[in-house]
Amino acid sequence: MTNEYRVTLTDEERQSLRELLHKGKVGSRTLNRAHILLLSDEGESDETITEALHTSLSTVHRVRQQFVEGSFEQSLTGTPAAWTAPEITWPSNHVFSRVGL
């Protein structure tokens with residue numbers, strides 16, 4: 001399976017992940033995501049990462065995608081990108097009325 005999302009970490013990001021793994025004070029999801037990012041950066045395939053970490057292909061794919069499309073922090077926390085409501089505009093001559101009263 002070809003990787004649609006290629007993870008390339010900076011030296012600072014790589015160091016941050018290694019420190020995170022050695023702290024032992026973070027949740028298991030965050031640790032798993034850190035391992036996924038490090039293994040992805042080393043060029044491992046999704047299947048290899050899945051087997052090594054006992055996780056699903058969709059998790060590996062999602063973490064890669066969040067890193068590429070979002071940010072380093074998003075890929076670690078798993079939070080989606082900030083969502084903003086679309087702005088609704090009405091024509092100036094629009095009349096609101098209550099029907100069926």
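Let me begin with confidence: the chain averages a pLDDT of 84, and 80% of the residues score at least 70, where pLDDT is the predictor's confidence in each residue, from 0 to 100. This is a predicted model, in which local features need pLDDT of at least 70 and side-chain atom pairs count only at pLDDT 80 or more, while totals for chains, interfaces and linings use all residues. Residues are numbered from 1 along each chain as its sequence is written, and side-chain values use heavy atoms, with hydrogens and water left out.

Turning to the fold, the chain has five helices and zero strands, with helices taken as DSSP runs of H or I of at least four residues, strands as runs of E of at least two, and both numbered from the N terminus. Confidence is lowest in helix 5, residues 72-77, at a mean of 86, and highest in helix 3, residues 46-53, at 94.

Of the 101 residues, 29% count as buried, meaning under 20% relative accessible area with a 1.4 Å probe, protein chains only.

Now, which residues of helix 4 does helix 3 meet? Asp46, Glu47, Ile49 and Thr50 in helix 3 meet Leu57, Val60 and Arg64 in helix 4, a contact being heavy atoms within 4.5 Å. The residues of this contact divide into three nonpolar, one polar and three charged. The axes of helix 3 and helix 4, the latter spanning residues 57-70, come within 9 Å and cross at roughly 115 degrees; axes here are lines fitted to C-alpha atoms over the stretch in contact, with angles running from 0 to 180 degrees between N-to-C directions.

Key
Buried means under 20% relative accessible area, exposed over 50%, partly exposed in between (1.4 Å probe, protein chains only). Ala, Val, Leu, Ile, Met, Phe, Trp, Tyr, Cys and Pro count as nonpolar, Asp, Glu, Lys and Arg as charged, and the others, Gly among them, as polar.
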